[in-house]
Amino acid sequence: MQIYLPIAEVSVNAFLLLGLGGMVGVLSGMFGVGGGFLMTPLLFFIGIPPAVAVATEANQIVASSFSGVLAHFRRCTVDIKMGLVLQAGGLMGAALGVVVFNYLKALGQVDLLVKLCYVVFLGVVGGLMFIESLNAIRKAKKAGGAAPAPRRQRGWVHALPFKMRFRTSGLYISVIPPVLVGVAVGILAAIMGVGGGFIMVPAMIYILGMPTKVVVGTSLFQIILVTGFTTMLHATTNYTVDIVLAVLLLIGGVIGAQIGTRIGVYLKAEQLRILLALMVIAVCVKLGLDLLLQPSEIYSLGEPGGH
């Protein structure tokens with residue numbers, strides 16, 4: 001069933017969009033990521049212009065994350081205080097990111113920049129996460145199958161001022177690192193159409209020292225407000241939010257997130273991270289190959305027969 005997307009100006013199969021939304025919703029519920037880092041490149045692959053994919057996907061992340069976070073609230077695995085600090089940084093980062101995005105859009109360079117950002121970020125994050133997950137699994141096996149204790153660093157994070165107690169996470173740390181993580185994620189949300197969970201989840205575990213059980217729910221809680229704010233800015237400043245595309249992705253995403261949250265209960269944290277790492281690397285390779293081997297549009301600026 002073909003459906004015309006008015007802002008993207010392309011026709012796409014409606015069931016394909018529902019399926020993509022559902023698949024990314026499952027990942028959102030399982031891993032605590034908004035899923036945009038996978039959905040946005042998938043939208044590129046089916047012919048959605050990158051500027052529209054970025055702005056619209058930020059909208060879809062709001063719904064799938066909200067659906068996922070409800071299940072985590074029921075299990076009391078959301079650190080609301082930490083989430084609010086992360087959101088404060090995220091809103092600042094999102095505002096800055098939209099300014100940069102609009103500037104590049106005016107220059108006509110936004111499509112290439114978005115794709116290059118994806119290749120670099122997905123490659124780096126996927127590689128690091130894969131190595132870290134393998135190490136965690138090895139340690140668990142050496143300890144006779146017991147899960148490794150969460151790494152509580154006593155380095156630079158604990159030496160910073162403006163400390164605050166986060167009771168749900170069992171932490172007493174400076175608010176500066178969470179705010180900086182939030183700013184970075186906000187910028188990514190605006191420029192790449194991602195919730196930033198694929199950076200936020202490792203940062204919360206390895207930089208802030210949060211226990212894995214509260215990381216997923218807190219990440220989803222933070223993503224909701226930041227991506228909602230990003231969507232509003234994109235819709236009002238560069239008019240690239242396609243409401244038809246967003247609704248189809250939303251429906252699939254909300255259903256998928258509930259399924260993913262249930263699946264995530266049965267998998268160990270290390271297994272979840274290694275699965276996520278493999279998916280990130282796979283999307284990175286596909287996107288990189290498309291940029292190198294398969295230009296979708298070839299422009300000729302010279303006269304026919306000219307040099």
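Helices (H or I, at least four residues) and strands (E, at least two) are DSSP runs, numbered from the N terminus. The model is predicted: local features need pLDDT of at least 70, side-chain atom pairs count only at pLDDT 80 or more, and totals for chains, interfaces and linings use all residues. Residues are numbered from 1 along each chain as its sequence is written, and side-chain values use heavy atoms, with hydrogens and water left out.

View 1. The unreviewed UniProt entry lists several spans as "transmembrane region", among them residues 112–131 and 272–293. Its positions follow the numbering used here, feature names are shortened, and annotations may be inferred rather than shown by experiment. Residues 112–131 are 100% helix and 0% strand, with end C-alpha atoms 29 Å apart. Residues 272–293 are also 100% helix and 0% strand. Their end C-alpha atoms lie 32 Å apart.

View 2. Strand S1 (residues 2–5) pairs with strand S2 (residues 10–13) in the antiparallel sense, over four bridges. Two strands pair if DSSP finds at least two bridges between them. Isoleucine 3 has valine 12 as its bridge partner in S2. For tyrosine 4, the partner in S2 is serine 11. Four residues sit between the strands, and glutamate 9 takes a positive phi near 60°.

**View 3. Helix H5 against helix H7.** The axes of H5 (residues 110–142) and H7 (residues 176–192) come within 10 Å and cross at roughly 135°. H5 is therefore oblique to H7. Axes are lines fitted to C-alpha atoms, for helices over the stretch in contact, and angles run from 0 to 180 degrees between N-to-C directions. Angles under 35 degrees count as roughly parallel, over 145 as roughly antiparallel, 65 to 115 as roughly perpendicular and the rest as oblique. In H5, Leu113, Val114, Cys117, Tyr118 and Phe121 meet Leu188, Ile191 and Met192 of H7. Contact means heavy atoms within 4.5 Å.

**View 4. The end of helix H9.** Just after H9, tyrosine 239 takes a positive phi of about 50°.
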